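Take a look at the model below.

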Amino acid sequence: MHHKIRHSRLGFTSVSALAVLAMIYGLPLAAGNPPATQGTPPDVINNGTNVDQVLAIFEQISQVPRCSKHEERISAWLVSWAKQRGFPVKTDDRKNVVIAVPATTGYENHPVVTLQAHMDMVCQKTADSTHDFTKDPIVPIRDGDWLRTKDTTLGADDGIGIALALALAEDSRL
């Protein structure tokens with residue numbers, strides 16, 4: 001089982017009904033044997049560094065206000081993220097974002113993998129919260145194995161899907 005990606009397209013949309021595809025770390029993404037120079041795929045499921053990377057990206061995403069119908073800033077953040085890494089990126093008039101991640105060497109002729117997540121979040125808070133979703137970041141709190149926030153929704157649906165896709169795109173071992 002090898003975890004190589006030919007060419008992935010990361011699509012982030014403002015349509016809240018979309019969910020991230022289950023193409024996360026442990027699935028074989030290309031048939032056949034990897035080129036001899038590739039070696040053994042890393043253990044990306046049990047390596048805590050990858051979980052930390054996903055959560056670090058999620059924390060960055062959480063800094064960007066992104067209520068439903070107001071995805072302009074998260075769209076711009078994703079475009080900037082892609083450009084900083086040299087990935088081709090496209091947007092449309094609705095601020096949807098598609099990032100093309102180059103093929104892993106030796107996998108240029110394998111099927112394309114698409115990961116998709118929505119950018120917006122449901123913005124709810126407790127009655128006594130002073131949080132302003134138009135400008136205040138969400139502050140995720142790690143509580144053992146749980147991730148939560150104080151007095152607001154967390155935005156994990158589907159901020160964590162975006163974080164997973166970006167972590168996969170950044171992982172040079174895949």
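## Two helices side by side

Helices H2 and H3 are roughly parallel to each other (an angle under 35 degrees; over 145 is roughly antiparallel, 65 to 115 roughly perpendicular, the rest oblique). H2 spans residues 72-84 and H3 residues 156-170; their axes come within 12 Å and cross at roughly 10 degrees. Helices (H or I, at least four residues) and strands (E, at least two) are DSSP runs, numbered from the N terminus. Axes are lines fitted to C-alpha atoms, for helices over the stretch in contact, with angles from 0 to 180 degrees between N-to-C directions.

Trp77, Leu78 and Trp81 of H2 meet Ile162, Leu166, Ala169 and Glu170 of H3. Contact means heavy atoms within 4.5 Å.

## How the model is read

This is a predicted model: local features need pLDDT of at least 70, side-chain atom pairs count only at pLDDT 80 or more, and totals for chains, interfaces and linings use all residues. Residues are numbered from 1 along each chain as its sequence is written, and side-chain values use heavy atoms, leaving out hydrogens and water.

## Aspartate 120

Aspartate 120 sits in the loop between strands S4 (113-118) and S5 (141-143). Its relative accessibility is 2%, so aspartate 120 counts as buried (under 20% relative accessible area; exposed is over 50%, partly exposed in between; 1.4 Å probe, protein chains only).

## The disulfide

The structure holds 1 disulfide (a pair of cysteine sulfur atoms within 2.5 Å). Cysteine 67 is joined to cysteine 123, S to S 2.0 Å. The S-S torsion is about -115 degrees, so this disulfide is left-handed. Both cysteine 67 and cysteine 123 are buried.
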